[in-house]
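Reader: I am new to reading protein models. Can we go through one together, feature by feature?

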Amino acid sequence: MAVQGFGNVGSVAAAELENFGAKIVAISDVTGGIINKDGIDIKQLFKHFKESGSLIGYPFAKQCTNEEVLTCDCDILAPAATQSVVTSDIAGKIKAKIVAEGANSPTVPDADEILAQKNVFIIPDILCNAGGVFVSYLEYTQETQREQMTLEQVNKRLNDRMNAKFEQVFEYSQGKQLKNASGCNGYSCEQSCRSDECIGCFAIRFMLA
Ligand SMILES: NC(=O)c1ccc[n+]([C@@H]2O[C@H](COP(=O)([O-])OP(=O)(O)OC[C@H]3O[C@@H](n4cnc5c(N)ncnc54)[C@H](O)[C@@H]3O)[C@@H](O)[C@H]2O)c1
């Protein structure tokens, strides 16, 4: 897989995905990219980054441009740097079969259309990068409930929630023949309206009690 961005999202995504067995073949930050089709060792890259403050100069990969990272030969591309980097020009050249939007709005609308025509599976930003928000919610509940969870418990709840939401959004999108991004927005709007209805019912019952 290829990752654009080596900040909070990109570096952690690369390290976690490497732990899950993914081979990171290209990665970049604002200064440029590095590429090695045999894989880049992310732990080693972290050391290099800490010492030099840059990905550039990492000795076990070739230097490349950000465009080369986005369009390299890989199964999964994670644009995890900033918005609007997947332009229609880039979308036409993307070889990945899956685009996992780690950044917010990395894909411009025209590029979205091109990727759909190429049957690229997009995991939309509001789903793909929602894990951080969910863990913030867990922090909040631990504080309010005066309870402390272990890292394992947090990771389990995070995995369960993200897997369940992925399946629900995917089913919703398929059922309504929508692209994943539109399905994700439609699904979230429906869920928000339902929770408003529940809060409304609760408020009426509370007032009538
Ligand atoms: N940090 C979070 O909790 C969080 C959660 C969800 C979504 N996001 C989104 O993810 C994206 C990245 O956030 P972050 O917190 O990792 O930011 P960050 O500042 O920690 O890291 C950004 C990374 O992208 C690189 N970068 C910046 N502009 C670039 C460009 N034009 N081309 C290539 N690389 C570039 C930077 O060098 C850096 O490595 C943003 O869109 C942000 O809104 C962040």
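Reader: Which residues are closest to the ligand?

Author: This is a predicted model, so read every value as computed from it. The ligand is surrounded by 20 residues. The closest are Gly7, Asp29, Val30, Ala81 and Ala103.

Reader: Which element gives the most residues to the shell around the ligand?

Author: Helix 1 does, with three residues. Helix 1 and strand 2 each supply at least two residues of that shell.

Reader: How does the shell around the ligand divide by class?

Author: Sort its residues into nonpolar, polar and charged. The shell has six nonpolar, 13 polar and one charged residues.

Reader: Now the sheet. How should I read the strand order?

Author: Start with the general idea. Strands of a sheet pair through backbone hydrogen bonds, either parallel or antiparallel. Now the case here. Seven strands make an open sheet, and the order is 4-3-2-1-5-6-7. The pairing is mixed.

Reader: Which strands are at the edges?

Author: Strand 4 (62–64) and strand 7. Each of these edge strands pairs on one side only. From one strand to the next, the twist averages 15°.

Reader: What are the partners of strand 1?

Author: Take them in turn. Strand 1 (residues 2–4) runs parallel to strand 5 (residues 76–79), and three bridges join the two. Valine 3 stands opposite alanine 78 in strand 5. Strand 1 also pairs with strand 2, again in the parallel sense, over three bridges. There, alanine 2 stands opposite alanine 26 in strand 2.

Reader: Are the residues on the faces of strand 2 buried or exposed?

Author: First the general idea. In a regular strand the side chains alternate between the two faces of the sheet. In this model, both faces of strand 2 are covered. Ala26 and Ser28 are buried on one side. Ile27 and Asp29 are buried on the other. Asp29 is also one of the residues closest to the ligand.

Reader: Where does helix 1 lie?

Author: Helix 1 (residues 8–19) lies across strand 1, strand 2 (26–29) and strand 5. To compare directions, look at the angle. Helix 1 runs at about 160° to strand 1.

Reader: How many helices and strands does the protein have?

Author: Nine helices and seven strands. The C-alpha trace spans about 70 × 45 × 25 Å along its principal axes. Of the 209 residues, 32% are buried.

Reader: What are the domains, and how many residues of each are in contact?

Author: The domain assignment gives domain 1 (2–125) and domain 2 (131–208). Their centres, taken over C-alpha atoms, are 28 Å apart. Five residues of domain 1 are in contact with four residues of domain 2. On the domain 1 side, helix 5 (109–117) and strand 7 (121–123) each supply at least two of the touching residues. By class, that side has four nonpolar residues, no polar ones and one charged.

Reader: Last one. Why does glycine 132 count as exposed?

Author: Count its C-beta neighbours. Glycine 132 counts as exposed because it has 12 of them inside 10 Å, and the cut-off for exposed is 12 or fewer. Glycine 132 is found in helix 7 (residues 131–145).

Reader: How many Å separate glycine 132 and serine 195?

Author: Their C-alpha atoms are separated by 21 Å. Along the chain, glycine 132 and serine 195 are 63 residues apart.

Methods: Residues numbered from 1 in each chain as written. Predicted model: local features only at pLDDT ≥ 70, side-chain atom pairs only at ≥ 80, totals over all residues. Domains from an automatic or database assignment. Contact = placed C-beta atoms within 7 Å. Helix = DSSP H or I, 4+ residues; strand = E, 2+ residues; numbered from the N terminus. Nonpolar A, V, L, I, M, F, W, Y, C, P; charged D, E, K, R; others polar. Pairing = 2+ DSSP bridges. Axes fitted to C-alpha atoms, helices over the stretch in contact; angles between N-to-C directions. Near = placed C-beta within 6 Å. Buried ≥ 20, exposed ≤ 12 C-beta atoms within 10 Å, placed from the backbone.
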